[in-house]
Amino acid sequence: MEQGQWREARRLVREARRVVALTGAGISAESGVPTFRDAGGLWRSYRPEELATPEALIRDPRTVLEWYAWRRSRLSRCRPNAGHRALARFFLKRGEAGLVTQNVDGLHTHAALEEAGDAPPDPALPIELHGAVGRDRCNGCETRWPAEPLADSLPRCASCGDLRRPDVVLFGETLDPEVLERARLLAERADLCLVVGTSAVVYPAAALPLATRESGGHIVEVNVRSTALTEAATVALRGEAGTVLPALLD
Ligand code: BJW
Ligand code: ZN
């Protein structure tokens with residue numbers, strides 16, 4: 001069974017004309033970045049679903065900003081792993097962009113730059129659906145800045161005075177429509193969608209693989225356990241992304 005799944009997955013990768021990959025927190029787990037919904041995703045006994053909301057940001061901005069400061073400091077010690085690097089090499093080799101991520105950790109971008117060397121990294125640069133934790137933005141206007149350490153007083157926008165916050169998409173906030181449209185087009189046109197390390201419960205990201213399937217393509221899932229999407233997948237490979245992806249793609 002397992003052998004047959006691998007053979008089928010390799011065939012789908014080999015024969016695909018257009019490939020899109022959708023990644024989630026699980027691909028960064030082996031880099032030491034906590035996932036959201038597995039054990040160990042908690043911070044001071046808060047669930048991420050309680051903190052990653054605009055309501056929490058208004059009710060208790062300091063707690064939410066401290067959570068992001070903690071995550072930023074952890075992230076500063078994290079490096080891309082074999083899974084990020086295998087995906088970067090794969091899209092660089094194909095010369096066609098197709099990497100879509102829900103992650104805000106920037107590790108796909110690091111991997112793209114490292115694997116590309118002196119060549120252009122563009123085909124391996126991800127579409128970041130939920131933003132990037134390495135940037136701040138104003139909660140009231142469009143101003144953006146590189147992230148800065150949290151001080152004693154809450155950070156404010158110099159133009160409009162509103163709160164400065166991480167440039168990420170919280171629950172209930174809308175994704176950038178242009179970013180989502182680019183991802184949706186890639187998913188619709190692909191004949192293979194690789195879904196890696198996501199529980200596939202957060203929309204609209206979780207609908208992207210279904211767009212590939214609805215236009216006649218296949219889903220190959222890479223995850224340590226089954227997910228909301230497993231039933232829709234042609235093949236589900238069970239294992240850690242850092243082991244499975246190099247074996248599947250290199
Ligand atoms: C491994 C591994 C290893 C571990 N190797 N695998 C349709 C239906 C129902 C609800 C909605 C809907 N459309 C929209 C909604 C509302 C909501 C939503 O989806 N809710 C659901 C929970 C029900 N969506 C939104 O609010 C979105 N906005 C929107 O749609 O606006 C319009 C609208 C507004 C209001 C109402 C309706 C529409 C925005 C979603 C933004 C999500 N934001 C977050 C935080 C980002 C910033 C930050 O990081 O702080 O994004 S939440 C969090 O979840 C984060 C992640 O990107 C996202 C997905 O999580 P992910 O990556 O899947 O992580 P986990 O932890 O869940 O899973 C890890 C997986 O890895 C597991 O499967 C493990 O097994 C696996 N794994 N180690 C391989 N080594
Ligand atoms: Zn502002």
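A polar contact is a pair of N or O atoms within 3.5 Å; within protein, one must be able to donate a hydrogen and the other to accept it, and residues adjacent in sequence count only if both atoms are side-chain atoms. Ser 199 makes one with ligand 1: a side-chain N or O atom lies 2.5 Å from an oxygen atom of the ligand. This is a predicted model, where local features need pLDDT of at least 70, side-chain atom pairs count only at pLDDT 80 or more, and totals for chains, interfaces and linings use all residues. Residues are numbered from 1 along each chain as its sequence is written.

**Ligand 1**
- The protein buries 77% of the 1,500 Å² that ligand 1 exposes when taken alone (Shrake-Rupley method, 1.4 Å probe).
- A polar side-chain atom of His 130 lies 2.9 Å from an oxygen atom of ligand 1.
- Val 169 uses a backbone N or O atom, 2.8 Å from a nitrogen atom of ligand 1.
- Around ligand 1 stand 37 residues (a heavy atom within 4 Å).
- Tyr 68, Arg 71, Gly 172, Thr 198 and Ser 199 are the closest.

**Zinc ion (ligand 2)**
- Cys 138, Cys 141, Cys 157 and Cys 160 are the protein donors, each through SG, at 2.3 to 2.4 Å (donors are N, O and S atoms within 2.8 Å of the metal, or 3.2 Å for Na, K and Ca; water is not among the atoms, so sites may look incomplete).
- The arrangement is tetrahedral because the four donor atoms subtend angles of 95 to 123° (four donors, all angles between 85 and 135 degrees).
- Along the chain, the donor spacing is C-x2-C-x15-C-x2-C.

Notes. Chains lettered and ligands numbered in written order. Heavy atoms only, no water. Tetrahedral: all angles 85-135°; square planar, octahedral: opposite > 155°, others 65-115°.
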